[in-house]
Amino acid sequence: MEQHECELFDTHQFRTNSLLAVMDFYYLPGSAPCRAVMMVAETVGVELNYKLTNLLNGDHLKPEFLKLNPQHCLPTLVDGDFVLWESRAIALYLVEQYGKDDRLYPKEVRKRAVVNQRLFFDATVLYCRFAEAFYPAMKLPAKDSRELQKLDQAVAMLEVFLEGKEFVAGGDGLTVADISTLATITTFDVADYDLERYPNVYSWYKRVSGLTPGWRKNRRGAMQAILYRKFFQVYYPKYFTNVERELGESEAIELLNFLEQFLDGITYLTGEVISPIDRQVTQVIGKIQQQGISISQYSNVLTWASNIGGLQLK
């Protein structure tokens with residue numbers, strides 16, 4: 001699916017007059033719930049102090065984190081002496097505590113009820129069914145699988161919700177329900193789920209991507225999870241078992257195209273500092289070059305690789 005223009009909308013209408021607070025935010029960029037909070041914070045105009053929390057390293061089980069959040073889940077927000085977790089609760093807190101007005105979360109009871117319903121739908125149906133289908137293997141299952149059928153049913157429900165409407169909860173403007181659902185659907189997009197089968201969802205996705213501050217960062221976070229899967233399914237078999245895996249030309253080019261897109265606007269795979277992930281992915285790039293496939297046409301990949309060093313670029 002093509003990239004969309006983003007952040008064309010005057011989002012200052014939602015924001016406070018200045019950045020009122022800097023809050024610690026424990027997160028993972030690949031997590032849709034974390035990315036939803038990031039976009040809400042940017043829309044409202046509050047600054048987050050990002051604290052990357054590596055679940056694989058057990059960061060969430062360390063005593064200092066358990067003291068903050070005994071449920072040891074992400075995302076977690078710390079605003080002074082106030083600690084909150086669960087992404088949609090955090091999003092609503094940011095809007096009500098720091099928002100300029102109630103457009104993102106209407107005060108009128110029935111409008112607010114619809115926003116709440118859509119948030120609950122995203123949390124308990126849409127996101128959960130994607131997680132059940134995608135995360136066990138970090139890819140979408142076969143078309144005839146029960147998990148994919150359930151996921152299709154969930155997207156079909158969203159298609160009905162959007163019939164004749166520009167926004168998830170109706171109305172004439174963006175709400176927190178759109179932002180939360182956008183984070184979820186962005187992950188669908190980068191996982192190559194066919195959104196175009198659902199014209200209401202697809203047109204909403206393109207439109208709201210252009211209205212939501214931080215959408216590009218949100219999409220890159222979703223891509224990061226896919227990036228790890230795409231490259232590590234090549235890298236880790238050799239790393240753990242010392243068994244070479246054949247990498248076909250079409251797969252190699254797909255990897256390069258994905259990496260080229262992912263590196264647009266950033267220096268290294270996890271930000272501005274070289275990480276072990278960068279070193280591991282360069283080994284896959286070296287393997288691709290050994291097959292006679294040139295990376296010369298991939299300008300972002302070339303710049304990234306030259307910054308790291310250790311590769312004979314061609």
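User: How many salt bridges does the count come to?

Analyst: In this predicted model, the count comes to eight salt bridges.

User: What makes the contact between Arg112 and Glu96 a salt bridge?

Analyst: The side chains of Arg112 and Glu96 approach to 3.3 Å, N to O, and because the cut-off is 4 Å, the pair qualifies as a salt bridge. It links distant parts of the chain, with Arg112 in helix 4 (residues 109-134) and Glu96 in helix 3 (residues 87-98), 16 residues apart.

User: Why is Glu96 called exposed, and why is Arg112 called partly exposed?

Analyst: Glu96 has 51% relative accessibility and so counts as exposed, since the term requires a value over 50%; Arg112, at 21%, counts as partly exposed, because buried would mean under 20%.

User: Why is the pair of Arg197 and Asp194 called a salt bridge?

Analyst: The closest N and O atoms of Arg197 and Asp194 are 3.9 Å apart, which is within the 4 Å cut-off. Salt bridges that share partners join Asp152, Asp194 and Arg197 into one network.

User: How do you know that Cys34 is in no disulfide?

Analyst: The nearest cysteine sulfur, that of Cys73, is 9.3 Å away from that of Cys34, whereas a disulfide requires sulfur atoms within 2.5 Å; the count for the model comes to zero disulfides. Cys34 is also buried, because its relative accessibility is 0%.

User: What makes the reach of helix 7 close to the expected one?

Analyst: Helix 7 (residues 199-211) has 13 residues and reaches 18 Å from its first C-alpha to its last, close to the 18 Å expected at 1.5 Å a residue. Its buried residues include Trp204, Tyr205 and Leu211.

How values were computed
Residues numbered from 1 in each chain as written. Predicted model: local features only at pLDDT ≥ 70, side-chain atom pairs only at ≥ 80, totals over all residues. Heavy atoms only, no water. Buried < 20%, exposed > 50% of the residue type's maximum accessible area, 1.4 Å probe, protein only. Helix = DSSP H or I, 4+ residues; strand = E, 2+ residues; numbered from the N terminus. Expected span 1.5 Å × (residues − 1).
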